[in-house]
Amino acid sequence: MGTSWTDVARWAGLPVLFERYRLAGDTLYVKRGLVTTREDRLLLYRVLDVQVRRSLLERLLGLGTVVVYGADATDPVLELKGVRRPHEVADLIQSRAEEARARAGIRGREVYGAFAGEAEHF
């Protein structure tokens, strides 16, 4: 799948949900909207877990929803809807998150602990 990944959200196999996804460097980007847009960013070292959800229709179309749980105060859950090859995408995000944590010298427990400390400030 390479070092970067991009896709758009699909409904019934067609890219009509006005959401774009991009994995570049150590960051996952989710851009939503048509007229007014919003872009969420999640640093990969903050990814706690990745899940794949697939309805029957999504399975038939080769699509799925990749759910990314992160230690992020504003968006702790990012849903990447209508993604092609969702299991490959989930594996890519998970492995890139592990690599980012290793480069930063961060272990999983430190990410959980960091988020718990941040939550007290809000």
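**Briefing: strands, sheet and helices**

The model is a predicted one.

**The sheet**

- Four strands form an open sheet, in the order β1-β2-β3-β4. Their pairing is antiparallel.
- The edges belong to β1 (5-8) and β4 (38-43). Each has a single partner strand, so one side of each has no neighbour in the sheet.
- From one strand to the next, the twist averages 10 degrees.

**The β1 and β2 pair**

- Strand β2 covers residues 19-24. Strands β1 and β2 pair in the antiparallel sense, over four bridges.
- Opposite Trp5 stands Leu23, in β2.

**A helix across the sheet strands**

- Helix α2 spans residues 86-104.

**The chain as a whole**

- The chain has 122 residues, and 35% of them are buried.
- Consider the contacts in the chain with a separation of 6 or more: 43% of them come from residues 24 or more positions apart.
- The accessible surface of the chain is about 7,300 Å². Carbon and sulfur atoms account for 54% of that surface.

Methods
Residues numbered from 1 in each chain as written. Predicted model: local features only at pLDDT ≥ 70, side-chain atom pairs only at ≥ 80, totals over all residues. Heavy atoms only, no water. Buried < 20%, exposed > 50% of the residue type's maximum accessible area, 1.4 Å probe, protein only. Contact = heavy atoms within 4.5 Å. Areas by Shrake-Rupley, 256 points an atom, 1.4 Å probe, with all protein chains shown as cover. Pairing = 2+ DSSP bridges. Helix = DSSP H or I, 4+ residues; strand = E, 2+ residues; numbered from the N terminus. Axes fitted to C-alpha atoms, helices over the stretch in contact; angles between N-to-C directions.
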